[in-house]
Amino acid sequence: MEQTEILDGSKIICVFMDGEVMDDGMCWFWGHHHVRTTNKCFHIKAVKYHSSWDWLMPVVEKIESSKVDNWPEPIKSFTFRIESKYCLISGHSGIAQPGVFYQTPYGYEPESKIHATWLAVVGFIKWYNSLKS
């Protein structure tokens, strides 16, 4: 992964996890922080969503519990399927499975399992945020 890709993805995840990215690159988490640490502020270059399961799994859990009402069939939850260097995120309505919202592109091999999951998380959050616009 390139540094700019990591920084851009980290900013997207930070905001999704109720953080605020300041102009100076500091990411503040107001209230409870999802990573077990006493710090509430990290420089965006120091966050570890791309390299630590301790950082990334709370994001996966938040996505799994997310809901989408403004979709043809409201989505009540999402599930992850993570295998080797592949990740798939599916949505579920309770009646039917509306579809796949992210999957590792065919022909592209991420560097690792966490890289594949990180790419899926960033791709999902971009899609999820686009629904709010």
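Hi everyone, let's start with the aromatic residues: Phe-16, Phe-78, Phe-124, Trp-127 and Tyr-128 come together as one aromatic cluster. Before I go on, please keep in mind that this is a predicted model.

Let's stay with two members of that cluster, Phe-124 and Tyr-128. How are their rings arranged? The ring centres of Phe-124 and Tyr-128 lie 5.7 Å apart and their planes meet at 20°, so we call this pair stacked. Both residues sit in helix H3, and because they are four residues apart there, about one helical turn separates them. And are Phe-124 and Tyr-128 buried or exposed? Both of them are buried.

Now for the wider count. How many aromatic pairs does the structure hold? There are seven aromatic pairs. One of them is formed by Phe-42 and Trp-55, whose ring centres are 5.0 Å apart. The planes of these two rings stand at 75°, so this pair is edge-to-face. If you find them in the model, you'll see that Phe-42 belongs to strand E3 and Trp-55 to helix H2, so the pair ties together parts that are 13 residues apart in sequence. Phe-42 and Trp-55 are both buried, too.

That brings us to the helices. In general, two packed helices are described by the angle between their axes and by the distance between those axes. Here, helix H2 covers residues 53-64 and helix H3 covers residues 113-130. They pack at an angle of about 40°, and their axes are 11 Å apart. H2 and H3 are therefore oblique to each other, and their crossing is left-handed.

Which residues make the contact? On the H2 side we have Trp-53, Leu-56, Val-59, Val-60 and Ile-63. On the H3 side the list is Lys-113, Ile-114, Thr-117, Trp-118, Val-121, Phe-124 and Ile-125. Sorted by type, the residues of this contact are 10 nonpolar, one polar and one charged.

Lys-48 is located in the loop between strand E3, residues 41-43, and helix H2. Its relative accessibility is 42%, so Lys-48 counts as partly exposed. Along the chain, Lys-48 and Ile-6 are 42 residues apart, and their C-alpha atoms are separated by 9.3 Å.

Conventions. Residues numbered from 1 in each chain as written. Predicted model: local features only at pLDDT ≥ 70, side-chain atom pairs only at ≥ 80, totals over all residues. Heavy atoms only, no water. Axes fitted to C-alpha atoms, helices over the stretch in contact; angles between N-to-C directions. Helix = DSSP H or I, 4+ residues; strand = E, 2+ residues; numbered from the N terminus. Parallel < 35°, antiparallel > 145°, perpendicular 65-115°, else oblique. Left-handed = near helix turned anticlockwise from the far one by under 90°. Contact = heavy atoms within 4.5 Å. Nonpolar A, V, L, I, M, F, W, Y, C, P; charged D, E, K, R; others polar. Buried < 20%, exposed > 50% of the residue type's maximum accessible area, 1.4 Å probe, protein only. Phe/Tyr/Trp six-rings, centres within 6.5 Å; stacked < 30°, edge-to-face > 60°.
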